[in-house]
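Some labels in a structure description rest on cut-offs. The questions below ask how a few of them were reached.

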Amino acid sequence: MPVMDNLAGNLFLVGLMGAGKTTVGRALARRTGRTFYDSDHEIETRCGVRVATIFDIEGEQRFRDRESSVIADLVGLDNIVLATGGGAVLRPANRELLKTHGKVIYLRANIDDLLSRTLHDRNRPLLRTADPRAKLESLYRERDPLYREIADLVVDTTQQNVNLLVAELEHLLRSPTPPRN
């Protein structure tokens, strides 16, 4: 597989849970010869427990503190692909770190796709609610402007094949001025 040797720096993926950040990130890292990181997995490794457990025991605020620490550490690495947690953009400091240390790609999907991808995942503490659709819609309204604020590129992952999506990302990233959509 060809390696993008003319594209230097880090690639950061942002978007709502279920948008495909981890799946696309792994494939993009392979294709570009970068090391892949997932901020939620890094938090779990450091803490020795799942994200949902951290939410249950320490609450969302403490989880966000841990997330900020992990992001600050990871953006200092070279030539990585980082899949961030969906709420990483809530803190201005995280947005600034991502924007200044690499190219930010906003993976966007429609609510139906997000819901079908996350519905049976028990490790989504914010979706443990009577109405997961309403929660996703609320999160989208809150976070979409923040994702767009820092995005160098916006790509729709709705009903997309991962390999085709990664090939499209490669093409867009190689363009002199990638479209923001």
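Q: What makes Glu67 buried or exposed?
A: Glu67 has a relative accessible area of 1%. Buried means under 20% relative accessible area, exposed over 50% and partly exposed in between, with a 1.4 Å probe and protein chains only. Glu67 is therefore buried.

Q: What kind of model is this?
A: This is a predicted model, in which local features need pLDDT of at least 70, side-chain atom pairs count only at pLDDT 80 or more, and totals for chains, interfaces and linings use all residues. Residues are numbered from 1 along each chain as its sequence is written, and side-chain values use heavy atoms, leaving out hydrogens and water.

Q: Why is the contact of Arg64 and Glu67 called a salt bridge?
A: The term needs a side-chain nitrogen of Lys or Arg within 4 Å of a carboxyl oxygen of Asp or Glu. The side chains of Arg64 and Glu67 meet at 3.0 Å, N to O, so the pair qualifies. Arg64, at 7% relative accessibility, also counts as buried.

Q: How far apart are Arg64 and Glu67 in helix 3?
A: They are three residues apart, and therefore separated by about one helical turn. Helices are DSSP runs (H or I, at least four residues) and strands are too (E, at least two), numbered from the N terminus.

Q: What makes Arg91 and Asp65 a salt bridge?
A: Their side chains meet at 2.7 Å, N to O. Arg91 lies in the loop between strand 3 and helix 4 and Asp65 in helix 3, so the pair ties together parts 26 residues apart in sequence. Asp65 counts as partly exposed at 31% relative accessibility.
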